[in-house]
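This report describes the structure shown below for a reader who is new to the subject. Please keep the sequence and the model in view while reading.

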Amino acid sequence: MSAPATQGERREIPAADARAGLEALKAEGFNVLVDLTCVDYLAQKRAPRFDVVYRLMKLDAAEGRDLGRVEIHCAADAQPVLRSVRDLWPVADWLEREVWDMFGVGFIDRPDIKRLLMYETFVGHPLRKDYPIAKRQPLIGPKSGEKADSPSFNILKPTVVGE
Amino acid sequence: MPLEETIAPAGTMTTQIDAALGWARKYSIFQYPFVTACCGMEFMSTAASHYDLDRFGAGFPRFSPRQADCLMVVGTISHKIAPVLRRIYDQMAEPKWVIAFGVCTCTGGFYNNYSTVQGIDTIVPVDLYIPGCPPRPETVIQGLVMLQEKIQKTGGRPRRVVEAAP
Ligand code: SF4
């Protein structure tokens with residue numbers, strides 16, 4: 001068994017060139033997008049603030065062997081610069097929606113991207129470091145989730161969106 | 001109209017009927033398990049033969065809220081699913097009871113965050129809280145026995161005036 005060519009190698013690619021770089025890697029045989037996620041470096045005062053991470057794997061499907069992995073980091077801002085890679089790895093569809101939902105990092109060619117996990121009326125992006133930790137946006141129930149003091153209480157208020 | 005008012009004319013003392021109905025109802029709890037998370041595993045082990053909820057007359061899960069008496073909310077409730085839980089509760093016929101199973105449903109547990117309902121008592125009225133993460137089957141059985149006492153005492157009369165959802 002030969003040693004994997006690249007095992008967990010890390011590469012930085014500027015966000016504008018990410019699509020070309022990822023296409024080249026796909027052509028090279030990285031056929032699985034293991035993960036697509038994002039990190040918010042607000043506290044570190046990085047500019048651009050976000051780091052979008054693509055983790056790729058070469059999978060030999062016939063033998064079920066992992067032939068090497070690579071991690072692509074693209075510094076990005078909330079302004080969409082990255083292009084979608086849905087057509088290269090279909091799984092990227094949901095992962096891009098998750099990155100949008102949780103971090104608010106968009107993709108140029110997906111202007112009407114939908115949230116994946118939170119409901120449509122949710123305001124903001126909860127995994128951003130500046131999302132207030134105590135902010136609550138319940139769909140039903142009392143505003144800000146305060147407790148009803150009696151266990152048999154029963155009130156319903158109209159849909160509350162965050163402010 | 002509650003059964004006890006249909007079979008006894010208005011003004012009649014109905015304590016004996018209440019007691020009889022309470023006794024009957026407490027041993028025929030048809031539960032609706034609203035299972036969303038890890039507590040479900042503990043619910044299954046409680047309901048299965050080793051701990052055997054059927055000994056207490058509560059071994060018969062109904063998967064339609066319209067046939068159920070007892071809504072068991074088992075597992076973390078997120079804000080996204082909260083309206084669904086409320087609708088299920090509204091679809092159940094009186095008399096009905098709600099059990100908050102596990103600390104997630106009681107208070108939100110350690111999920112003090114943007115996505116989790118901080119206690120289902122902010123959405124539906126709760127009759128019984130079973131703490132624990134997850135509660136041991138013994139705790140669940142103790143809770144069930146306490147609910148049975150409550151049913152016996154109240155006779156299962158509809159006690160709540162439900163405000164209409166806006
Ligand atoms: S109380 Fe614990 S075991 Fe139960 S749903 Fe919550 S996290 Fe899971």
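Two residues are in contact when heavy atoms lie within 4.5 Å. In chain B, 75% of the contacts with a separation of 6 or more come from residues 24 or more positions apart. The model is a predicted one, in which local features need pLDDT of at least 70 and side-chain atom pairs count only at pLDDT 80 or more, while totals for chains, interfaces and linings use all residues. Residues are numbered from 1 along each chain as its sequence is written, chains are lettered from A and ligands numbered from 1 in the order in which they are written, and side-chain values use heavy atoms, with hydrogens and water left out.

**Chain B**

Helices (H or I, at least four residues) and strands (E, at least two) are DSSP runs, numbered from the N terminus. Chain B contains six helices and five strands, and along the sequence they follow the pattern α-α-β-α-β-β-α-β-α-β-α. A residue is called buried under 20% relative accessible area, exposed over 50%, and partly exposed in between (1.4 Å probe, protein chains only). Of the 166 residues in chain B, 49% are buried.

The five strands of chain B form an open sheet with parallel pairing, in the order β2-β1-β3-β4-β5. Its edge strands are β2 (60-61) and β5 (128-130), each of which pairs on one side only. Two strands count as paired if DSSP finds at least two bridges between them.

Helix α3 (residues 39-47) of chain B has the buried residues Cys39(B), Gly40(B), Glu42(B), Phe43(B) and Thr46(B). These buried residues line one face of α3(B), because they fall within an arc of 160 degrees when seen down the helix axis; the arc is that of the directions from the axis to the C-beta atoms. The cover over them includes β1 (30-35), β3 (70-74), β4 (97-101) and α6 (137-154) of chain B.

Cysteines also deserve attention. A disulfide is a pair of cysteine sulfur atoms within 2.5 Å, and the whole structure has zero disulfides over all chains. The sulfur of Cys106(B) is 8.8 Å from the closest cysteine sulfur, that of Cys39(B), which is too far for a bond. Cys106(B) is buried, at 7% relative accessibility, whereas Cys133(B) is exposed, with a relative accessible area of 51%.

**Chain A**

Which residues of α2(A) are buried? They are Ala92(A), Leu95(A), Glu96(A), Arg97(A), Val99(A), Asp101(A), Met102(A) and Phe103(A). They pack against β2 (32-40) and β3 (50-60) of chain A. After α2(A) comes Gly104(A), with a positive phi near 70 degrees.

In β3(A), nine of the 11 residues are buried. Between β3(A) and β4(A), the hairpin has four residues between the strands, and Gly64(A) takes a positive phi near 65 degrees there.

**Strand pairs**

| Strand pair | Sense | Bridges |
|---|---|---|
| β2(A) and β3(A) | antiparallel | eight bridges |
| β3(A) and β4(A) | antiparallel | 10 bridges |
| β4(B) and β5(B) | parallel | three bridges |

Individual partners can be located in the model. Thr37(A) has Val53(A) in β3(A) as its bridge partner, Met57(A) stands opposite Arg69(A) in β4(A), and Ile99(B) has Leu128(B) in β5(B) as its bridge partner.
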